[in-house]
Amino acid sequence: MLKKRKLGRRIGEIQAGEKLVFQAAIEDKDLLLYLGLTDDANPLYIQHDYASQTPFGKPVVPPVMLTGMITSAVSKYLPGPGSYITRQDLRFLRPVYHYETLEFLLEVTDVDEASHCVMLSVMATRGAETVLEGALSVFPPHTLPRLDGRVLENF
């Protein structure tokens with residue numbers, strides 16, 4: 001039997017200024033899984049011989065993989081399960097390399113109850129260096145008229 005999961009916070013429970021900080025390590029297993037699932041054969045992501053001859057000097061992490069780390073944090077924590085990202089504007093300022101650990105900061109910048117939308121700023125750093133920044137628009141979970149046990153059976 002699957003464990004039922006609680007939905008994330010509703011729009012009225014979220015306030016501007018709230019923050020989420022988390023770290024993510026870039027491991028070979030994660031890169032290989034991502035590349036296998038997406039059938040992405042870009043040599044810049046995995047072939048050391050090729051990447052060493054580019055201005056990057058070594059293989060880089062696919063930007064969409066970093067995006068996935070952010071969307072996962074939205075789905076898990078802020079606002080949490082049941083959320084839906086409606087817009088994202090991310091800028092990848094510097095390449096991210098294999099085996100690095102990044103620190104991500106998500107901050108609620110605005111809560112618009114009328115449009116049921118939460119705005120989040122996003123930043124990822126490698127030590128003191130910012131590698132990614134941007135913004136997200138997110139619909140937090142909607143309040144459903146009535147939940148019975150069948151609604152979340154496969155959640």
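Valine 122 is found in strand β4 (residues 117–126); helices (H or I, at least four residues) and strands (E, at least two) are DSSP runs, numbered from the N terminus. The model is predicted, so local features need pLDDT of at least 70 and side-chain atom pairs count only at pLDDT 80 or more, while totals for chains, interfaces and linings use all residues. Residues are numbered from 1 along each chain as its sequence is written, and side-chain values use heavy atoms, with hydrogens and water left out.

**Valine 122**
- Valine 122 counts as buried because its relative accessibility is 3%, where buried means under 20% relative accessible area (1.4 Å probe, protein chains only).
- Residues touched by valine 122 include Ile70, Leu90, Leu105, Leu106 and Leu132, not counting residues up to four places away in sequence; contact means heavy atoms within 4.5 Å.

**Sheet**
- Five strands form an open sheet in the order β1-β3-β4-β5-β2, with antiparallel pairing; two strands pair if DSSP finds at least two bridges between them.
- β1 and β2 (84–92) stand at the edges with a single partner strand each, so one side of each has no neighbour in the sheet.
- β3 and β4 run antiparallel and are joined by 9 bridges.
- Leucine 106 stands opposite valine 122 in β4.

**Core**
- The largest nonpolar core has 36 residues, and Leu66, Phe104, Leu106, Leu120 and Leu132 have the most contacts inside it; such a core is a set of buried Ala, Val, Leu, Ile, Met, Phe, Trp, Tyr and Cys residues joined through side-chain atoms within 4.5 Å.
- α4 gives the largest share of this core, 6 residues.

Conventions: Buried < 20%, exposed > 50% of the residue type's maximum accessible area, 1.4 Å probe, protein only.
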